[in-house]
Amino acid sequence: MAGAKEIRTQIKSIGNTQKITKAMEMVAASKMRRAKERMEATKPYAHKMKNVIGHLAMAHPEYKHPFLEERDAKRVGVIIISTDRGLCGGLNINLFKAAINALSEWEEHGVEIDLCLIGSKAEAFFKRMGNVVAAINHLGDTPHIEDLIGTVKVMLDAYYDGRIDSLYLVENEFINSMTQKPKVTKLIPVVSTEEKELEHYWDYLYEPDSKEVLDALLMRYIESLVYQGVVENIACEQSARMVAMKAASDNAGDLIDELKLVYNKARQAAITQEISEIVSGAAAVG
Amino acid sequence: MAMTMHIDIVSAEGEIYSGTAEEAFIPAEMGEIGVLPRHTPLIARLKPGEVRVKKEGSDDLESIFVSGGMVEIQPHVVTVLADTGIRAADIDEAKALEAKERAEEALKNQEDSIDYARAKAELIEATAQLALLKKMRKNLR
């Protein structure tokens, strides 16, 4: 009967694992809902900002802010946003693959790379692969833009000083709770979306002056884009974790079902054997 | 009926206020400005302070604290892009330094792990050499 006992312990241990994965799934599901709401909440700011910058660019065609002008890329800065924790399926690995593809393409063209890593997974993965100039991790479930200012400033300063010629952001895009897609976007030079609808534009009064206003606006705009990426990444992380944990729970259920069959067979075999022993014993006595 | 304008106060972390107003007072960097509908287009930086909004059809002023940011004024739309924390050049600088330090720390750990990887590679090489030596010795005998 030893076999049956071992199987029973195994079933129990798988059952315990299943309980954990189920709990994680439910936690991730509720966190995902909140993360999605936060993601939506960040949208109006960047949208409004983009409008204002659009107006400004239209009103001042003669003044070119450094962030708006195209330079020859000899060295690029890359911000990579990852999660802090694992157990979220292939989310990070897919992102890193996309990042490595982009990086190796630049390297082929002799472009040097400065990395800025957000999240401890990216730090662990990329610290050996390039020149890391800034890093931050453990932002938590409710990140604040203040925590990101320093990290982004390092990259913006590098751009002002001419140490990098463009800045890219590698992030996960939240498509829906089942799909997340890695995405590489250019932050600087700011890709101007020439909207033709802005026909009746006007010039503003500036306080203190147009250059400083544009400086402050563009800095905040880039920061808000990175912040959006971080918030979106949290939504991605939670939904990827939810899906991964659901798969794990389902697999555990399948395993338990299979083991139960084996267990029942073993139990039945033991009973049959016992009966035949009794019967043959009785026959020998009789 | 009094003329009104639309006012939005948004921060990077979410929308703070949105509504129709008859009048608003905004803490611009160079002094508080009062905004009535059909104000001339203006963009200004803000200092920490309160934005006071006189809502449509009400005499009360609703005040919302902002810790800086920008305001864009168009004749019928006022948009306050609020910061969520106090910003100053030196505070930002300190934060940038922190980020750099974290990066250096990560790179320092990298040396450890590279050393580990190198040691491991050397160890494997040495064991392979030893195995080869042993084999050769056996053949010589």
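I started with a pair of residues: Asp8(B) and Lys48(A) are both buried (under 20% relative accessible area; exposed is over 50%, partly exposed in between, with a 1.4 Å probe and protein chains only).

Housekeeping: this is a predicted model, where local features need pLDDT of at least 70 and side-chain atom pairs pLDDT 80 or more, while totals for chains, interfaces and linings use all residues. Residues are numbered from 1 along each chain, chains are lettered from A in the order written, and side-chain values use heavy atoms, without hydrogens and water.

**Salt bridges**

I looked up what links that pair, and found a salt bridge between Asp8(B) and Lys48(A) at 3.2 Å, N to O (a side-chain nitrogen of Lys or Arg within 4 Å of a carboxyl oxygen of Asp or Glu). Asp8(B) sits in strand S1 of chain B and Lys48(A) in helix H2 of chain A, so this pair joins two chains (helices are DSSP runs of H or I, at least four residues; strands are E, at least two).

Next I checked Arg45(B), which bridges to Glu212(A) with N and O 2.9 Å apart at the closest. Glu212(A) is partly exposed at 33%.

Within chain B, Glu62(B) pairs with Lys55(B) at 3.1 Å. I noted 29% relative accessibility for Glu62(B) and 35% for Lys55(B).

The whole structure has 20 salt bridges over all chains.

**Second largest pocket**

Arg45(B) turned up again here, among the residues nearest the centre of this pocket, which has 24 lining residues. H6(A) gives the largest share of the lining, 5 residues.

Note on methods. 1 Å grid on protein atoms, 1.4 Å probe; cavity = no way out; pocket = protein on both sides within 12 Å on 5 of 7 lines; lining within 4 Å.
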